[in-house]
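Student: Could we go through this structure together? I would like to start with the terms and then look at some details.

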Amino acid sequence: MTKKPTFIKHLAKKRALIQAIVGISLYLIINYFNISLWWVLGFGSAIGIIWGKVFCRWMCPLGIMMELLMKISPNDALKGMYQYHKIGCPIAWISGLLNKVSFYKIQFNADTCKNCGICDSACYMPTLDKQKFSLYKPNMVNPAENYSCSKCLQCVAECPNGSLTYKLSLPTNSKKHMLTN
Ligand code: SF4
Ligand code: SF4
């Protein structure tokens with residue numbers, strides 16, 4: 001039986017729209033108030049302490065353009081370009097490194113997982129390297145904790161059993177259901 005969608009699932013399904021609204025608003029605010037990019041860098045990195053690398057795929061004006069390019073790509077080549085874009089951005093460097101220690105994390109519940117593999121198909125990391133990354137298979141690299149995870153939450157949105165959740169994960173309660181790397 002599939003579980004009722006949570007608020008996070010609803011949010012994840014609207015991510016592209018949210019990114020467009022927030023990204024364009026941010027772009028206009030930065031230009032209107034002539035805000036230094038150092039402040040943007042500080043903001044994008046600081047929120048990484050709470051939510052991990054959320055800036056790239058929920059707020060970044062450049063990220064919107066990169067995603068549009070990925071969507072019109074007939075193959076995986078432009079997904080590689082998206083990776084390249086992240087390599088070139090200091091917000092991505094800093095917040096990506098914070099994925100391992102951020103307060104909010106993607107957590108996995110092995111008790112409810114049906115091993116259907118839908119989450120891996122939804123995440124661009126396993127689709128680029130099936131032998132290395134998996135959100136549910138043991139002894140593989142966990143994309144959700146990887147530097148490259150940009151918290152698109154597509155894996156959470158697509159899991160039919162609610163086995164993946166994105167929630168506050170303080171050190172005292174974080175280890176029980178975390179995936180192993
Ligand atoms: S949030 Fe999930 S689907 Fe998105 S990049 Fe991270 S692990 Fe992959
Ligand atoms: S989509 Fe959910 S149930 Fe399916 S393998 Fe992934 S975590 Fe398990």
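This is a predicted model: local features need pLDDT of at least 70, side-chain atom pairs count only at pLDDT 80 or more; totals for chains, interfaces and linings use all residues.

Student: Where is Val-54 placed?

Tutor: Val-54 lies in the loop between α3 and α4, the latter covering residues 55-58.

Student: Is Val-54 buried or exposed?

Tutor: Val-54 is buried, because 22 other C-beta atoms lie within 10 Å, and a residue counts as buried at 20 or more.

Student: Which residues is Val-54 in contact with, leaving aside its neighbours within four places in sequence?

Tutor: Those contacts of Val-54 are Ile-47 and Lys-151.

Student: What span should helix α3 have, and why?

Tutor: Helix α3 runs over residues 37-51, which is 15 residues.

Student: What follows α3?

Tutor: Gly-52 follows α3, and its phi is positive, near 80 degrees.

Student: Changing topic: at what angle do α2 and α5 pack?

Tutor: Helix α2 (residues 15-32) and helix α5 (residues 61-72) pack at about 135 degrees, and their axes are 8 Å apart. The two helices are therefore oblique to each other.

Student: Which residues make that contact?

Tutor: On the α2 side they include Ala-16, Gln-19, Gly-23 and Tyr-27, while α5 contributes Pro-61, Gly-63, Ile-64 and Glu-67. By class, the contact has 7 nonpolar, 3 polar and 1 charged residues.

Student: How far apart are the end C-alpha atoms of α2?

Tutor: They are 25 Å apart, which agrees with the 26 Å that the 18 residues of α2 should span at 1.5 Å a residue. Asn-34 follows α2, with a positive phi near 50 degrees.

Student: Now the ligands. How many residues surround ligand 1?

Tutor: 14 residues surround ligand 1, and the closest are Cys-123, Pro-143, Cys-149, Cys-152 and Cys-155. By class, this shell has 11 nonpolar, 2 polar and 1 charged residues.

Student: And which residues are closest to ligand 2?

Tutor: Cys-113, Cys-116, Cys-119, Cys-159 and Ser-163 are the closest of the 13 residues around ligand 2. The shell of ligand 2 divides into 8 nonpolar, 4 polar and 1 charged.

Technical notes: Residues are numbered from 1 along each chain as its sequence is written. Chains are lettered from A and ligands numbered from 1 in the order in which they are written. A residue is near a molecule or strand if its C-beta atom, placed from the backbone, lies within 6 Å of it. Ala, Val, Leu, Ile, Met, Phe, Trp, Tyr, Cys and Pro count as nonpolar, Asp, Glu, Lys and Arg as charged, and the others, Gly among them, as polar. Helices (H or I, at least four residues) and strands (E, at least two) are DSSP runs, numbered from the N terminus. The expected span of a helix is 1.5 Å times one less than its number of residues. A residue is buried if 20 or more other C-beta atoms lie within 10 Å of its own, exposed if 12 or fewer, and partly exposed in between; C-beta atoms are placed from the backbone. Two residues are in contact if their C-beta atoms, placed from the backbone, lie within 7 Å. Axes are lines fitted to C-alpha atoms, for helices over the stretch in contact, and angles run from 0 to 180 degrees between N-to-C directions. Angles under 35 degrees count as roughly parallel, over 145 as roughly antiparallel, 65 to 115 as roughly perpendicular and the rest as oblique.
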